Amino acid sequence: MSEVFRREHALHHRRRGRNLGVLAGLLGLVVMLFAITVVKMGGQQGATLGNPSASQAGGWGAEAMVAPFRSDDGGTQ
């Protein structure tokens, strides 16, 4: 009687195969996104990591962040 409960049905085998296929697809997607990220971030020699415009803007200083909001007349509006 206990062998009836231990035996797996064909449906279980198909479902397991489908689940492994989904797992492989998701892992492939994660690996692909990681590789793209490494290639895009690692290709710049001497650039500041995380801020692609840091070399032109002078870094993360307050001066670079305030500059777009500054008016041409020296701050008086």
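The side chains of Glu8 and Arg16 meet in a salt bridge, with an N to O distance of 3.3 Å; the term denotes a side-chain nitrogen of Lys or Arg within 4 Å of a carboxyl oxygen of Asp or Glu. The structure holds 1 salt bridge. This is a predicted model, in which local features need pLDDT of at least 70, side-chain atom pairs count only at pLDDT 80 or more, and totals for chains, interfaces and linings use all residues. Residues are numbered from 1 along each chain as its sequence is written, and side-chain values use heavy atoms, with hydrogens and water left out.

**Secondary structure**
- The protein chain has 4 helices and 0 strands, where helices (H or I, at least four residues) and strands (E, at least two) are DSSP runs numbered from the N terminus.
- The order of elements from the N terminus is α-α-α-α.

**Exposure**
- Of the 77 residues, 3% count as buried (under 20% relative accessible area; exposed is over 50%, partly exposed in between; 1.4 Å probe, protein chains only).
- The protein chain exposes about 7200 Å², of which carbon and sulfur atoms supply 64% (Shrake-Rupley method, 1.4 Å probe).
- Glu8 is partly exposed at 41% relative accessibility, and Arg16 is partly exposed at 41%.

**Nonpolar patch**
- Val22, Leu26, Leu29, Met32, Leu33 and Ile36 form a nonpolar surface patch with about 550 Å² of accessible area together.
- Such a patch joins nonpolar side chains (Val, Leu, Ile, Met, Phe, Trp, Tyr) within 5 Å, from residues with over 30% relative accessible area and no salt bridge.
- Leu29 lies in helix H2, residues 10-42, and is partly exposed at 42% relative accessibility.

Definitions and conventions
Patch = residues over 30% accessible without salt bridge, like charges linked within 9 Å, V, L, I, M, F, W, Y side chains within 5 Å.
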